[in-house]
Amino acid sequence: MKNRTIAFITAGILAAASLTGCGSTADTQTDATAADSAAAEDAVADTADNAADAETASEAEESAPEANADLSGSISMSGSTSMEKLANAVAEVFMEKYPNVTVTAEFTGSSAGIESLLAGSCDIGNSSRNLKDEEKSAGAVENIVAIDGIAVAVDPANTVTELTQEQLISIYTGETKNWSELGGADQAIVVVGREAGSGTRGAFEELLGIEDACAYANELDSTGAVMAKVASTPGAIGYVSLDVIDDSVIAVKLDGIEPTEENIKAGTYALSRPFVMATNGEISEQKAEVQELFSFLASDEGKELIKSVGLITVD
């Protein structure tokens, strides 16, 4: 009887232990299931957040063209032939950015461009010189968008590759007529320049103090024409914008200083000038598309464009 009682007690203990073990396993499984469920919910939440972020970014990208599309109209520029490269680049990029805006440019010379501006024939007058007092008095506002260097070029066979300002003045006023007087070959100097009214000519003569005192053999109506004439004419000398200089001519040093952007910024090279996009009245008084053009030029993107065409930014 005693042995039978012990057996029953032992069996009860084993049964209780078995039930306890089963309960522990069930609890563990329940905890694991809850953890998995929470992780799944977190993953869904993360996916939803990522989707929302992507949608927001997509909407922002879509809204930019829509905002640009809201700007419409036209902008007309007229003036300096030296600013042709810049004006064409600005027009192309701005029209890509604002497809409903048309930008046109004519290259008639700085003075003619300012005249057109004041006559109401264009929105922007491009000038490769500072505005005259009388132009400002008439309402033209000087907006300097870039700085250009004026390079003095000679034909590629010339052995004279450096001049002083005094020698340059002597050449253009007709006092020095042969390259042999400057250590070069016995060859006549062919003095090439721009036509009256050209901003490049005005800036060149003003910087050297030789206004209305030059003895030109050729007076040409564009920067490209000067480059072509100097490149193809033995003994020729001419002046052009720094950004158009290439290996078809030699850009001479002036007082030992090369015509480079670095030297112009440092103030060591004498011949430099502003590129002006003049408006009739302040920029804030212009129509929306013109105001936006000037905002673009002042932006990082606009400054990079100015640099890309070989010019110097104003700040």
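1. Lys 265 is an exposed residue, with a relative accessible area of 52%. (Exposed means over 50% relative accessible area, buried under 20%, and partly exposed in between, using a 1.4 Å probe and protein chains only.) Its partner in a salt bridge is Glu 261, with 3.3 Å from N to O; a salt bridge here is a side-chain nitrogen of Lys or Arg within 4 Å of a carboxyl oxygen of Asp or Glu. Glu 261 is partly exposed, at 27% relative accessibility. Both residues belong to helix 8 (residues 261–266) and sit 4 residues apart, about one turn of the helix. Helices (H or I, at least four residues) and strands (E, at least two) are DSSP runs, numbered from the N terminus.

2. A word on what you are looking at: this is a predicted model, in which local features need pLDDT of at least 70 and side-chain atom pairs count only at pLDDT 80 or more, while totals for chains, interfaces and linings use all residues. Residues are numbered from 1 along each chain as its sequence is written, and side-chain values use heavy atoms, leaving out hydrogens and water.

3. The whole structure holds 10 salt bridges. One of them pairs Lys 97 with Glu 301, whose closest N and O atoms are 3.3 Å apart. Lys 97 is in helix 2 (residues 84–97) and Glu 301 in helix 10 (residues 300–308), so this pair ties together parts 204 residues apart in sequence. Lys 97 is partly exposed at 28%, and Glu 301 is partly exposed at 41%.

4. Asp 123 and Lys 287 also form a salt bridge, with their closest N and O atoms 3.4 Å apart. Asp 123 lies in the loop between helix 3 (110–118) and strand 3 (124–127), and Lys 287 in the loop between strand 12 (272–280) and helix 9 (288–298), so parts 164 residues apart in sequence are tied together. Lys 287 is partly exposed, at 35% relative accessibility.

5. The largest nonpolar core has 28 residues, and Leu 168, Tyr 172, Phe 204 and Ile 237 touch the most other members. (Such a core is a set of buried Ala, Val, Leu, Ile, Met, Phe, Trp, Tyr and Cys residues joined through side-chain atoms within 4.5 Å.) Strand 5 (144–154), helix 5 (165–172), helix 6 (199–208) and strand 9 (236–241) each give two or more residues to this core. Strand 5 supplies the largest share, 4 residues.

6. Which residues does Phe 204 touch? Not counting residues up to four places away in sequence, they are Ile 150, Val 152, Leu 168, Tyr 172, Ile 210, Tyr 239 and Leu 271; contact means heavy atoms within 4.5 Å.
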